[in-house]
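Take a moment with the sequence and the structure shown here. Then follow the chain step by step.

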Amino acid sequence: MTTIRSGDAVTVVGSTTNDSGEVWYQLTVQGTDGVTYEGYCLSTLVRLS
């Protein structure tokens, strides 16, 4: 398990929209333990650049 903090770099590998119209991004992030983690985050919490 890892925690993503404000300013951390993540890779967006996909997205999905739920029945309520919310967009969720599928993310991967390299943890401090060297493990690559995958998960979803609500798009309003992610700033793409």
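Is Arg47 buried or exposed? Arg47 is exposed, because its relative accessibility is 77% and anything over 50% counts as exposed. Keep in mind that this is a predicted model. Arg47 sits in the segment that follows strand S3, residues 36–42. Now look back along the chain to Ser15. Arg47 and Ser15 are 32 residues apart in sequence. Their C-alpha atoms are separated by 14 Å.

Ser43 also lies in the segment after S3. Is Ser43 buried or exposed? Ser43 is buried, because its relative accessible area is 17% and the limit for buried is under 20%. What does Ser43 touch, leaving out residues up to four places away in sequence? Its contacts are Val23, Trp24 and Tyr25.

Step back to the whole protein. It has three strands and zero helices. Read from the N terminus, the order of elements is β-β-β. Take the strands in turn.

Strand S1 covers residues 11–17. S1 pairs with S2 in the antiparallel sense, over six bridges. Which residue in S2 is the bridge partner of Val12? That partner is Leu27. S1 and S2 make a hairpin with five residues between the strands. In this hairpin, Gly21 has a positive phi near 90°.

S2 has a second pairing. Two of the facing residues can be picked out in S3. Leu42 stands opposite Trp24. Tyr37 stands opposite Val29. S2 and S3 also form a hairpin, again with five residues between them. Gly34 lies in that turn, and its phi is positive, at about 85°.

Now consider the overall dimensions. Taken along the principal axes, the C-alpha atoms fill a box of roughly 35 × 20 × 15 Å. The protein has 49 residues, and buried residues make up 18% of them. Its accessible surface comes to about 4,000 Å². Carbon and sulfur atoms account for 48% of that surface.

Consider contacts between residues at least 6 apart in sequence. Of these, 11% join residues at least 24 apart.

Next, look for empty space. Rolling a probe the size of a water molecule over the atoms shows where such space is left. What is the volume of the largest pocket? The volume is about 510 Å³. The elements that give two or more residues to the lining of this pocket are S2 and S3. S3 supplies the largest share, five residues.

In total, 21 residues line the largest pocket. Which of them lie nearest its centre? They are Ile4, Asp8, Val10, Leu45 and Val46. What kinds of residue make up the lining? Twelve are nonpolar, five are polar and four are charged.

Finally, return to the segment after S3. Find Ser43 there, which is buried. Then find Arg47, which is exposed.

Notes: Residues are numbered from 1 along each chain as its sequence is written. This is a predicted model: local features need pLDDT of at least 70, side-chain atom pairs count only at pLDDT 80 or more; totals for chains, interfaces and linings use all residues. Side-chain values use heavy atoms; hydrogens and water are left out. Helices (H or I, at least four residues) and strands (E, at least two) are DSSP runs, numbered from the N terminus. Buried means under 20% relative accessible area, exposed over 50%, partly exposed in between (1.4 Å probe, protein chains only). Two strands pair if DSSP finds at least two bridges between them. Contact means heavy atoms within 4.5 Å. Accessible areas come from the Shrake-Rupley method with a 1.4 Å probe; for residues, only the protein chains shown count as cover. On a 1 Å grid over the protein atoms alone, a cavity is a set of points where a 1.4 Å probe fits but cannot get out, and a pocket is an open set with protein on both sides within 12 Å along at least five of seven lines; lining residues have an atom within 4 Å of a point. Grid points are joined across faces, edges and corners, and a volume is the space filled by probe spheres set on the points. Ala, Val, Leu, Ile, Met, Phe, Trp, Tyr, Cys and Pro count as nonpolar, Asp, Glu, Lys and Arg as charged, and the others, Gly among them, as polar.
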